[in-house]
Amino acid sequence: LYLTSKSVDSVVGDVSYTWGPFLASLSYGYTWAGSNNGLVQPYTNATDLKDNHLAGANLTYTIAPGLNTYAEVIYEKQNFRVGKDFENANLLTGLNVAF
């Protein structure tokens, strides 16, 4: 989300499970904001965020200690009081290297 001088509230949860070299997780975040909060969606020009939903699913495989590959799906839905809502989904893949 973007900066505002008004208060917003969020609840975030995650459930993960590991077996062998795999890790699977599901996560969800919900944010809600009072009216006249000044939050604007730059892609739709909507104003006054009502609430934001963010959900994700991840699968990570450990190739070797400090070397992981992953695939992740993220879905986001922003609801606004004025203007068009915003909805977005992404598939991310990659390699993590840690020293």
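The largest pocket holds about 180 Å³ of space. This is a predicted model, in which local features need pLDDT of at least 70 and side-chain atom pairs count only at pLDDT 80 or more, while totals for chains, interfaces and linings use all residues. Residues are numbered from 1 along each chain as its sequence is written, and side-chain values use heavy atoms, with hydrogens and water left out.

The lining of this pocket consists of 17 residues (those with an atom within 4 Å of a grid point). Val12, Tyr28, Gly29, Leu54 and Ala55 lie nearest the centre of the pocket. Strands β1 (8-19), β2 (22-33), β3 and β4 (67-82) each supply at least two lining residues, and β2 gives the most, with five. By type, the lining divides into seven nonpolar, seven polar and three charged residues.

There are two salt bridges in the structure (a side-chain nitrogen of Lys or Arg within 4 Å of a carboxyl oxygen of Asp or Glu). In one, the side chains of Asp48 and Arg81 meet at 3.4 Å, N to O. Asp48 lies in strand β3 and Arg81 in strand β4, so this pair ties together parts that are 33 residues apart in sequence. Arg81, at 38%, is partly exposed. Asp85 forms a salt bridge with Lys77, with 3.6 Å between the closest N and O atoms. Asp85 is partly exposed at 28%, and Lys77 is partly exposed at 21%.

How values were computed. On a 1 Å grid over the protein atoms alone, a cavity is a set of points where a 1.4 Å probe fits but cannot get out, and a pocket is an open set with protein on both sides within 12 Å along at least five of seven lines; lining residues have an atom within 4 Å of a point. Grid points are joined across faces, edges and corners, and a volume is the space filled by probe spheres set on the points. Helices (H or I, at least four residues) and strands (E, at least two) are DSSP runs, numbered from the N terminus. Ala, Val, Leu, Ile, Met, Phe, Trp, Tyr, Cys and Pro count as nonpolar, Asp, Glu, Lys and Arg as charged, and the others, Gly among them, as polar. Buried means under 20% relative accessible area, exposed over 50%, partly exposed in between (1.4 Å probe, protein chains only).
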